[in-house]
Amino acid sequence: MSKYTAAKYTSPLLVNHSARSRLITKVLMIAGLCCTLLACSKPQTTQETPAAPKTIINNVNIVDPVDGLATQQQVVIQEDKIVYVGPVDETSTATNSNDTDHIVDATGQFLIPGLWDMHVHFLYDEALTDVMPELFLRYGVTSVRDTGGDVTKLAALREALQDTPTPRIYFSGPLLDGKFVVYDGSDPSRPPLGTGVSGEESAMATVTALKSAGADFIKIYELIDPATYNSLAAAAKQLEMPIASHVPLMMTADVAGPIAGSMEHLRNIELACAANWQDLLVQRQAKITGFTEGLGHTLRSELHSAQRIPAIKAYDETRCDAVLDALTNTIQVPTLRLNTVLMLKPFERADWPEAATALPQNVLENWQARINLLSANSLDIDHTFANWSQFLIARLLERGVPIGAGTDTPIGLGIPGYSLHTELELLVASGMSTQQALYSATVTPAEFLGLEGTMGQIKVGMAADLVLLSDNPLENIKHSRTITKVMSKGSWVE
Ligand SMILES: [Zn+2]
């Protein structure tokens, strides 16, 4: 039984806070009672409320994902918004400081907008759930998209965290799968992140229920049938919920893609880019339709094993151009970190051991066992899909397909927060400029949720989610790791 049920969730981090909230509620109640007894009323004269204290960051080099570098700037934050960006201006009320303001001299440092991880799972391993928010913030990840998990638990988690330092959490609720469900909870590597949606008629009810439970978008999975996919998409559009999706195996990327706001992992695009894509599609449809008994996970694995590598070998560039040209309005979230994990072995990086110390002991032991197993079998691992994923980035850029940064943490040894910086490095190594990589982790995710007017850049009126770096990430994307301070919702994270 998990603790993430709406009524029961009590993170140890939150106990003091809840006690404080109860105290505040009591104070407010007593205050109300006194007012009633004394018949107090509002004062007749309007009193000026003192302006909230400001945070003033001086002499900072701004790295905006759209406008690029601006040196020697001043950024002023009040409450949770940016209220001034520009040169030091003595005449502006926004920049005039007083005693209660907090002034930071950031000479020589670089300021970027708070980063997003567009693909995380808080509930994949509940031994990690509690440490994930703090880890995201430590690594400058101030917003995340949870792309699959129980909607009630995710709503309870977000609610429980709302007054503590935490990234902004946007979630989809469960992976909406077909008659057979891949993440059905059948074994520890397949926790119950998914649910089956049976038929077109239940699509509207499903999406309505998710929306009223607090979901910000929906996530559609691989074993869904085309009619249900289209009905879910229509319901989501009607209820104004963005759609994240895998390419359903009974469809192709160029047909399913344009209907969704984002597609994940670049997975199954290879099936559409093959010269014999039509034959492959017919085979998949027959296999899924004829599958009457067994596990969703087994069904999907068999299809991937039978078709993925042959499809990559049958790559047809002209056909692939047509597929990619259909995706120019659909953000691709490549999760290169995940796709290449067996090839690039993040656990061999020099900074891995220190980053891993933040993981709970039981998780660490579990991961070490998997690393040992991987090392023992490394010669048998096929890297075709890992190489294909990296190859595809340059093709996406060439055809103008938008790309978003996501990691799938903690799946596949993804340390929360830390792994986002690996993703940025891999995007750059695969053909992105450093500025494009920053854009993919700031502006693009905001666009997915229609939040680009208020998040993702360093501009007046935008959310005060900011990361201060000691080195310039435009020079080398590895400098995104040189974090000196993180601001979330207008407050510095301790
Ligand atoms: Zn995922």
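**Chat about strands, core and helices**

Q: Let's start in E16: which residue there is the bridge partner of Leu-466?
A: That's Met-487. Keep in mind that this is a predicted model.

Q: And what does Met-487 stand opposite in E17?
A: Trp-492. E16 is joined to E17, residues 491–492, by two bridges, and the two strands run antiparallel.

Q: What do E16 and E17 form, and how many residues sit between them?
A: A hairpin, with two residues between the strands. Lys-489 is in the turn, and its phi is positive, about 50°.

Q: Back to E15. How many bridges join E15 to E16?
A: Four, and the strands run antiparallel. E16 covers residues 483–488. Besides the Leu-466 and Met-487 pair, Val-467 has Val-486 as its bridge partner.

Q: Which way do the E15 residues point?
A: Leu-466 and Leu-468 point one way, while Val-467 and Leu-469 point the other way.

Q: What about E5 and E15, in which sense do they pair?
A: Antiparallel, over four bridges. E5 is residues 110–113, and Phe-110 stands opposite Leu-469 of E15.

Q: Switching to the largest nonpolar core: how many residues, and which ones touch the most other members?
A: There are 129 residues in that core, and Val-75, Leu-111, Ile-218, Leu-232 and Leu-427 touch the most other members. Helix H16, residues 418–429, gives the core its largest share, six residues. At least three core residues come from each of domain 2 (56–113 + 466–494) and domain 3 (115–455).

Q: Take Leu-427 then. What does Leu-427 touch, not counting residues up to four places away in sequence?
A: Leu-336, Ile-393, Ile-403, Ala-405, Met-432, Ala-437 and Ser-440.

Q: New topic, H8. How many residues does H8 have, and what does it reach from first C-alpha to last?
A: H8 runs over residues 277–290, so to speak 14 residues, and reaches 20 Å, close to the 20 Å expected at 1.5 Å a residue.

Q: Which H8 residues are buried?
A: Trp-277, Leu-280, Arg-284 and Ile-288. Looking down the axis of H8, the buried residues fall within an arc of 60°, so they line one face of the helix.

Q: And what do they pack against?
A: Three helices: H7 (269–272), H9 (296–313) and H10 (317–325).

Q: What does the face turned away from the buried side of H8 carry?
A: Exposed residues, namely Gln-278, Asp-279, Val-282, Ala-286, Thr-289 and Gly-290.

Q: Since H10 came up, where does Val-323 lie?
A: In helix H10.

Q: Why does Val-323 count as buried?
A: Because Val-323 has 24 C-beta neighbours inside 10 Å, and 20 or more is the cut-off for buried.

Q: What is Val-323 in contact with, leaving aside neighbours within four places in sequence?
A: Ala-253, Asp-254, Ile-269, Ala-272 and Cys-273. Ala-253 is 70 residues from Val-323 in sequence, yet 6.9 Å away in space, C-alpha to C-alpha.

Q: Last one: is Gly-450 buried or exposed?
A: Exposed, with 11 other C-beta atoms within 10 Å. Gly-450 is in the loop between helix H18 (443–448) and E15. C-alpha to C-alpha, Gly-450 is 8.6 Å from Pro-242, and the two are 208 residues apart in sequence.

How values were computed. Residues are numbered from 1 along each chain as its sequence is written. This is a predicted model: local features need pLDDT of at least 70, side-chain atom pairs count only at pLDDT 80 or more; totals for chains, interfaces and linings use all residues. A residue is buried if 20 or more other C-beta atoms lie within 10 Å of its own, exposed if 12 or fewer, and partly exposed in between; C-beta atoms are placed from the backbone. Two strands pair if DSSP finds at least two bridges between them. A nonpolar core is a set of buried Ala, Val, Leu, Ile, Met, Phe, Trp, Tyr and Cys residues joined through C-beta atoms within 7 Å. Domain bounds come from an automatic or database domain assignment. Two residues are in contact if their C-beta atoms, placed from the backbone, lie within 7 Å. The expected span of a helix is 1.5 Å times one less than its number of residues. The arc is that of the directions from the helix axis to the C-beta atoms.
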